[in-house]
Amino acid sequence: MFSVRRRGSARLAAAAAITGLVAAGAIAAAGPAMADEGGTGSGGVAATLGSLADAGKIDIKVKNEKGEFETDTYNGGLFNLNVKGGGSLKAYCIDLFTGTEAGTSYKEVGWDESTLHNNKNAGKIRWILLHSYPEVGDLDALAKKVDATGLTRDTAAAATQAAIWHYSDNVEAMPQDDDAEKLTKYLLAEAEKAPDLSEPAASLSVSPTSLAGKAGGRLGPAKVTTNAAKGATKVSLAPGAPAGVKVVDKDGKAVTSVDNGDELYLDVPAGTSDGSAKVSLQASTKASIGRAFASTTQERKQTLILAGSSESTVNAQVEATWAKQGAVPAVDFKENCAKGGVDITVSNKGDEGWDLELKGVKYTIGAGETKTVTVPVDEDAAYKFTITGPNGFEKVVEGVLDCKTSTPGPKPSETPAPSQTPATGGSTSGTTGGGDLAETGGSSATPMIAGIAAALVVIGGGAVFFLRRKKPAGQ
């Protein structure tokens, strides 16, 4: 990517180790990270970043190394994202000083899993999205409302992005265009007066994502949350499921579709050999404006917020495990930005206890018991857990903890050519040319270095935690 700003300091990787019985202190480099299959975690939209669709120049006041305010000019606006499986999205940046680049994979996440988790103004950002471009498509009417001579898609997008950065990154941001400035000031003034809006509903999610139990009964429930139309969320067993296994409702009736609030179960006939199966959910719906989007790469990229959606394909998945006797484990997880870590929920639906160690503490998960442990992870750190258990059980949990917006730092000595490394949202001063994406602060090519590895151990197998640290951009 190209930019003349970078982050002032790297957040250090967490030194607190998860100790276990094997592999403690080993160093490893984790591969590409996606939370569960397809990078969708508990469900939702998965998309790939495309071009910067509409943008304009925005002046940002930041402090220099002497603590004095100076003004840098950034190119900011509206992005295109291409949905995996079909559909397209529009999004704005809510992490000004972090970079990204075309081709980056993103997933839909809740506010509590993103940089909005502790932002008291998140509802104001959503108000701006609902009352400006592209949700408001009549730019002549919008210009008249703010007493502007006229607005184009570029000036409207720049104005909207500037207003969003005011609340997402706590900066003084103003577009250079006079009419765009009028729109930004209008949006900020009206957002201050408007009631705070709540977080929008997920396009599709399911909880928990892991079920367990004994053959001869129903495994579940897993509750579905979706904004899709009634009957639009299809349910199917992935290929390879044993004969007789089927997806059912609470009354044991076979189901091929579910709606918002429904609970689904997996019916495993008595005598079925120990095994597992996956349940796939898919719908076509419009993701709600204001949903956050986080990258699924192991190198941190800027967080985005949804500003517009076509009818798009959304997916979710549930994994189920069963056995005739002994411990039957299930593992679910969710990033917890409030606690600065990953919540790992382990349960045992069998008739024998299941033992594991987390950070040197031994836990016994008794028959029918569930425990949740928050594993500390440093901001920007890539993590990977492989949790194994009886009967060949294995669950891989991986991602990057991305809960805080970045801060500006000193300017790097060199600025790569934009044609080599396009990216989003950064200073345009000193650049050598254009590009189809705006420039952002952090380097999109930021190297990752091997960090601390520690072990998480489950009886019957091991679980290894991989962690890598990120250098400051430009180093």
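1. The link between C337 and C403 is left-handed, with -75 degrees about the S-S bond. The model is a predicted one, and in it the sulfur atoms of C337 and C403 lie 2.1 Å apart and form a disulfide, the one disulfide that the structure holds.

2. Among the helices, α1 (residues 122–130) packs against α4 (residues 178–193) at an angle of about 125 degrees, with 9 Å between their axes. Angles over 145 degrees would count as roughly antiparallel and those from 65 to 115 as roughly perpendicular, and α1 and α4 are therefore oblique to each other; the crossing in which α1 passes α4 is right-handed.

3. The contact itself is made by K124, W127 and I128 on the α1 side and by L187, E190, A191 and E192 on the α4 side. By class, the residues of this contact comprise four nonpolar and three charged, with no polar ones.

4. Turning to the strands, an open sheet is formed by five of them in the order β7-β16-β13-β9-β11, with mixed pairing. Because β7 (210–214) and β11 (257–258) stand at the edges with a single partner strand each, one side of each is left without a neighbour in the sheet.

5. Within that sheet, β9 (residues 233–237) and β13 (residues 275–285) run antiparallel and are joined by four bridges; K234, for instance, has Q282 in β13 as its bridge partner.

Key
Residues are numbered from 1 along each chain as its sequence is written. This is a predicted model: local features need pLDDT of at least 70, side-chain atom pairs count only at pLDDT 80 or more; totals for chains, interfaces and linings use all residues. Side-chain values use heavy atoms; hydrogens and water are left out. Axes are lines fitted to C-alpha atoms, for helices over the stretch in contact, and angles run from 0 to 180 degrees between N-to-C directions. Helices (H or I, at least four residues) and strands (E, at least two) are DSSP runs, numbered from the N terminus. Angles under 35 degrees count as roughly parallel, over 145 as roughly antiparallel, 65 to 115 as roughly perpendicular and the rest as oblique. A crossing is left-handed if the near helix is turned anticlockwise from the far one by less than a right angle, and right-handed if clockwise. Contact means heavy atoms within 4.5 Å. Ala, Val, Leu, Ile, Met, Phe, Trp, Tyr, Cys and Pro count as nonpolar, Asp, Glu, Lys and Arg as charged, and the others, Gly among them, as polar. Two strands pair if DSSP finds at least two bridges between them. A disulfide is a pair of cysteine sulfur atoms within 2.5 Å.
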